[in-house]
Every structure is written in C-alpha cells, then in structure tokens.
Amino acid sequence: MIRKTIIAISTAVIGTLLITSGNPAHGQQQPKPWDVPAQYKTMKNPVAKGEASDNAGKVLYTKNCASCHGKTGLGDGVKARALQTFPGDFSGAAYQNQTDGEHFYKTKFGRGEMPKYEGKLTDDDIWNTVNYMRSFKK
Ligand code: HEC
C-alpha cells in the first residue's frame with residue numbers, strides 16, 4: 001500500500017517535471033514594465049527602413065542578440081534557459097506595438113540581464129537592429 005502510494009507520487013512528480021521543462025519560459029520571471037524616458041519614446045528613427053538596413057541589422061542581431069532572443073525573436077535562444085527573466089517575444093503585439101525609440105532605448109541602455117550596447121554598437125547599428133527586429137512580427 002505504502003509502496004503503491006510512493007510509486008504513484010513519484011510518477012506524478014516526474015510527469016509534471018517532464019511537462020513543464022518543455023516550456024522555454026519555465027521558472028522565468030515575466031519582465032516588469034520599463035520606464036522609458038519620453039524623449040526616447042518619441043525619438044525619430046534616423047535610419048531608413050529597407051533592404052540595406054535589414055541586411056545590416058540581421059548580421060548584428062545574429063551575432064549579438066540571437067543567443068538569448070532566438071533566431072526569430074521568440075525568446076528561445078540557446079542562452080535563454082539560463083536567464084532568470086524571459087527576454088520577451090518579439091513577434092507579438094506587446095513588443096511590436098512599442099515605438100522604434102523604445103526598442104532603441106532598451107537596446108542601448110539595457111537592464112538587469114539585458115546587456116547594454118552603448119559603446120559596443122554605434123547608434124546607427126542599434127537602429128539597424130531595431131529595423132530588422134520589425135521583421136519578426138507575426
Ligand atoms: C544575455 C542575454 C541577452 C542578450 C545577448 C541580448 N538580450 Fe535583449 N533582453 C534580455 C533579457 C533577459 C531581456 C528582458 C530584461 C528585462 O525586462 O528586465 C531583454 C530585453 C530586450 C528588449 C526589450 C523587449 C521588450 O519586450 O520590451 C529589447 C528591445 C532587447 N532586449 C533587444 C536586444 C538586442 C537588440 C540585443 C542585441 C544587440 C539583445 N537584446 C541582446 C537578454 C538578452
């Protein structure tokens with residue numbers, strides 16, 4: 001009787017672990033809202049959208065961002081599982097409804113586990129990346 005109970009409990013626990021470990025966001029905190037200064041929210045994107053910017057942005061994104069954010073921006077890069085904070089889903093409305101300036105600010109200054117790219121990428125290259133990340137929209 002006790003043995004049967006132990007087996008039943010173990011099966012339930014292992015089953016739960018197997019199911020939840022398939023979710024990339026398992027155990028991760030959902031990001032809290034960012035406090036983006038008004039001048040960035042409304043900042044005009046100085047880099048024209050189009051093929052040239054997208055191509056430059058893709059190279060930069062693949063090299064610097066995909067390890068966490070995933071190739072298509074779903075937040076499922078190889079390093080994502082080790083993060084405490086879910087890096088976001090760039091294909092969805094919560095991301096795509098933000099202004100270019102908000103994306104620029106977050107990329108330039110970072111926060112917590114999101115590295116800051118100030119001094120690592122030029123402003124123009126951050127804008128190229130911001131432009132490319134629009135292509136993840138579903
Ligand atoms: C080491 C992992 C890591 C790398 C590399 C990384 N990020 Fe992030 N990023 C995060 C995490 C974690 C968050 C969520 C942080 C938070 O909300 O506190 C985030 C958040 C963001 C956000 C805000 C998303 C939203 O929904 O508002 C943007 C924009 C962003 N990252 C862009 C980039 C860009 C562009 C690059 C490359 C130039 C990059 N990130 C590289 C981990 C990473």
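This is a predicted model: local features need pLDDT of at least 70, side-chain atom pairs count only at pLDDT 80 or more; totals for chains, interfaces and linings use all residues.
Local features were taken only where pLDDT is at least 70 and side-chain atom pairs only at pLDDT 80 or more, whereas totals for chains, interfaces and linings use all residues. Residue numbers start from 1 along each chain as its sequence is written.

The secondary structure of the chain comprises seven helices and zero strands, where helices (H or I, at least four residues) and strands (E, at least two) are DSSP runs numbered from the N terminus. The order along the sequence is α-α-α-α-α-α-α. Of the 138 residues of the chain, 21% count as buried. A residue is termed buried if 20 or more other C-beta atoms lie within 10 Å of its own, exposed if 12 or fewer do, and partly exposed in between, with C-beta atoms placed from the backbone. Two residues are taken to be in contact if their C-beta atoms, placed from the backbone, lie within 7 Å. Among contacts in the chain with a separation of 6 or more, 63% join residues 24 or more positions apart.

S53, G57 and Y61 are the residues listed as buried in α3. These residues cover an arc of only 60° around the axis and therefore lie on the same side of α3, the arc being that of the directions from the helix axis to the C-beta atoms. E51, A52, N55, T62 and K63, on the other side of α3, are exposed. The cover over the buried residues of α3 includes α4 and α7.

L60 also belongs to helix α3. This residue counts as partly exposed because 17 C-beta neighbours lie inside 10 Å. With residues up to four places away in sequence left out, L60 touches L121, D125, N128 and T129. The C-alpha atoms of L60 and L121 are 8.9 Å apart in space, and the two residues are 61 residues apart in sequence.

The buried residues are D100, G101, H103, F104, Y105, K106 and T107. Their cover includes α2 (38-41) and α7. G110, which has a positive phi near 60°, follows α6. G112 lies in the loop between α6 and α7. G112 is exposed because it has 11 other C-beta atoms within 10 Å. The C-alpha atoms of G112 and T85 are separated by 8.7 Å, the two residues being 27 residues apart along the chain.

Helix α7 (residues 123-133) is likewise mostly covered, and eight of its 11 residues are buried. V130 touches N45, D100, H103, F104 and T107, not counting residues up to four places away in sequence. M133, also in helix α7, is buried because 23 other C-beta atoms lie within 10 Å. Under the exclusion of residues up to four places away in sequence, M133 touches Y61, G73, F90 and H103. The C-alpha atoms of M133 and Q96 are separated by 9.0 Å, at 37 residues apart along the chain.

The largest nonpolar core has 13 residues, of which Y61, F104, I126, W127, V130 and M133 touch the most other members. Both α6 and α7 supply at least two residues of this core, and α7 gives the most, with five residues. A nonpolar core is a set of buried Ala, Val, Leu, Ile, Met, Phe, Trp, Tyr and Cys residues joined through C-beta atoms within 7 Å.

The ligand is surrounded by 22 residues, of which P31, C65, C68, G88 and M114 are the closest. A residue belongs to this shell if its C-beta atom, placed from the backbone, lies within 6 Å of the molecule. α4 (66-69) and α6 each contribute at least two residues to the shell. By residue class, the shell divides into nine nonpolar, nine polar and four charged residues. Here Ala, Val, Leu, Ile, Met, Phe, Trp, Tyr, Cys and Pro count as nonpolar, Asp, Glu, Lys and Arg as charged, and the others, Gly among them, as polar.
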